[in-house]
Amino acid sequence: MLLVLVPPASARAEQVAEHASLRLRYGVALRDGQQADVGPGLTYEGLTPNDLAVVGMGWVGPWLGAWAGVQREAFDLKEGALRITGGSLLRASVGPRARLFLGPVRAEVGAGYGFAQLPLFGSSAEPVLARGVRHAALVNGRVLVPLFLGLKLEARGELPVTLAARDASGAEAEATGFSAGGALLIPLKRVSRWGGTLVLDFQHVRDTVTLADGTRSEQRLRRVGAALELTWNDFAPAAAPPAPARVPAGTLSLQVVDAETGAALPGARVVVGDVERVADAQGLVETELPPGEVAVRVSAEGHAPEEARATVEDGGRAALEVRARKLPPPTGALRVTVVNAQNGVPLPGVRVAVGPTEVRTDMMGQARVKDLAPGPVAVTVKSPGFRPAEEAAVVVAGQESALSVPLASERKSGPATLTGLVRSTRGGKPLAATLRIPQVKVRTRADAKGAFNVRVKGGTYRITISAPGHLSQTKSIHLRDGEQAIFNVDLFPRQKR
């Protein structure tokens, strides 16, 4: 079954307008009971289909009405697959009814007459279904609670007050009982004044009959079923509101791409008029605009801001492509000053290699290299009569970094002298580092200014430099007797985790 949910109008207006309803129900009954008599006694249980009911209601005003209902119950007493006895039982009721609205909640109370046939057996030894009869004054009630999407929850109960009860032979008896249940009401469709509702129903019933000879019969009944409820309202549906006047508009489809590669730029920010939008994974932004010329401003990470204009026509679709140019990468510069290590005099004409770029120092012993990528860079300094020097410098974007390199002469006289500074690449801070030369079992420590001085015989050595919080470095250096070499070291800080 295809359910078409009806969007709820005002719940109170819908309930007040209801004029009549008819509910047709079909389901199954799960029954169990027992009869105690002069014989061995009887117990029974089982599932019986063909549980039918018809309930009608009518209202003559906003709160007063009446109801009538008829219900047929199938009954089978079986032992295994063998049917022993059975038949059907009938219930009917009628009476006035009143309703009250408590906000969106609807409450109904009824009082009237009820007739019921109740199951009895002549003898539990040879059971045959007999029908006891109960005439009762009924008191019943129902509460409807709205949920969502037009769904409603129903809770109901009924209490019979016995007026007269008799067994199948007409002898007087006593009878008691009650029923309680609930349902979920699902709106289906409304046509003019008629409305349809699907009801998913559950009911619990308990009846007890006591005969004059002491025979006592009890039954419990649990009904589960579905019902179709038709309602008639005394109002016609309101006319649909007039459609709003159409506002002229067109569509702008804008794509942001890289000017060099043509690749889409997702996440680009597009400002159209006073509204900012973000481009999707294809670099697209679509928006509806009034007709006329519109200015567009585009910004994307790593690209220069761009502006463009487009003309939007009523009912039309304007396409615009904005090509954003990449910003040049940030660079820095390095100034290298080369001096004589013995007297500090600047050395002109010295070859200075900064990465792949080679320059010479001027009369002030200085060489400048521009457009360097940010980060560490290797510096090599060479000049005739002096020992080559290797340094490391850190280039900062948008700034000119400075590096001083002292060159030692190539004189030979006795042991070689190795001097230098140990610094951190983070701000050039001096480090009290430890230097180890395993070949000659030398271990020394730089002073607070990061300076160290080591005297060793000429040869090739591996030197390890370490300092707390920094990455250790191991380098190979060749020294000749009498040489005074300068060996400056820059250590990189460890990255924090």
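H470 has a relative accessibility of 11% and therefore counts as buried (buried means under 20% relative accessible area, exposed over 50%, and partly exposed in between, with a 1.4 Å probe and protein chains only). The structure is a predicted model, in which local features need pLDDT of at least 70, side-chain atom pairs count only at pLDDT 80 or more, and totals for chains, interfaces and linings use all residues. Residues are numbered from 1 along each chain as its sequence is written, and side-chain values use heavy atoms, with hydrogens and water left out.

**Individual residues**

H470 belongs to the loop between β29 (459-466) and β30. Helices (H or I, at least four residues) and strands (E, at least two) are DSSP runs, numbered from the N terminus. The side chain of H470 forms a polar contact of 3.0 Å with the side chain of S424. A polar contact is a pair of N or O atoms within 3.5 Å; within protein, one must be able to donate a hydrogen and the other to accept it, and residues adjacent in sequence count only if both atoms are side-chain atoms.

L149 has a positive phi, near 55°, and is placed in the loop between β6 and β7 (152-166). With a relative accessible area of 53%, L149 is exposed. D371 likewise has a positive phi near 55°, but its place is in strand β21. D371 counts as exposed, at 63% relative accessibility.

**The sheet β21-β18-β24**

Strand β21 is also part of an open sheet of three strands, ordered β21-β18-β24 and mixed in its pairing. Because β21 (366-372) and β24 are edge strands with a single partner each, one side of each has no neighbour in the sheet. Direction ignored, neighbouring strands of this sheet are turned by 20° against each other on average (axes are lines fitted to C-alpha atoms, for helices over the stretch in contact, and angles run from 0 to 180 degrees between N-to-C directions).

Two strands pair if DSSP finds at least two bridges between them. Strand β18 (residues 332-340) pairs with β24 in the parallel sense over eight bridges, whereas five bridges join β18 to β21 in an antiparallel arrangement. R335 has a bridge partner on either side: R368 in β21 and A402 in β24. L334 has S401 as its bridge partner in β24. Eight of the nine residues of β18 are buried, so this strand is largely enclosed by the rest of the structure.

**Cavities and a pocket**

On a 1 Å grid over the protein atoms alone, a cavity is a set of points where a 1.4 Å probe fits but cannot get out, and a pocket is an open set with protein on both sides within 12 Å along at least five of seven lines; lining residues have an atom within 4 Å of a point. Grid points are joined across faces, edges and corners, and a volume is the space filled by probe spheres set on the points. By this rule there are two cavities of 30 Å³ or more.

In the table, Ala, Val, Leu, Ile, Met, Phe, Trp, Tyr, Cys and Pro count as nonpolar, Asp, Glu, Lys and Arg as charged, and the others, Gly among them, as polar.

| Space | Volume | Lining by class |
|---|---|---|
| Largest cavity | about 730 Å³ | 14 nonpolar, 12 polar, 13 charged residues |
| Second largest cavity | about 50 Å³ | two nonpolar, two polar, three charged residues |
| Second largest pocket | about 410 Å³ | 10 nonpolar, three polar, six charged residues |

The largest cavity is lined by 39 residues, and V55, Q71, R156, E158 and Q203 are the closest to its centre. Strand β6 (residues 129-146) gives the most to this lining, with six residues.

The second largest cavity is lined by R31, Y44, E45, G46, T48, F75 and D76. The elements that give two or more residues to this lining are β2 (42-59) and β3 (64-79). The largest share, four residues, comes from β2.

The second largest pocket has 19 lining residues, of which P388, A389, E390, I477 and H478 lie nearest its centre. Two or more residues each come from β22 (375-382), β23 (389-395), β24 (400-407), β30 (473-479) and β31 (484-486). Strand β30 gives the most to the lining of this pocket, with five residues.
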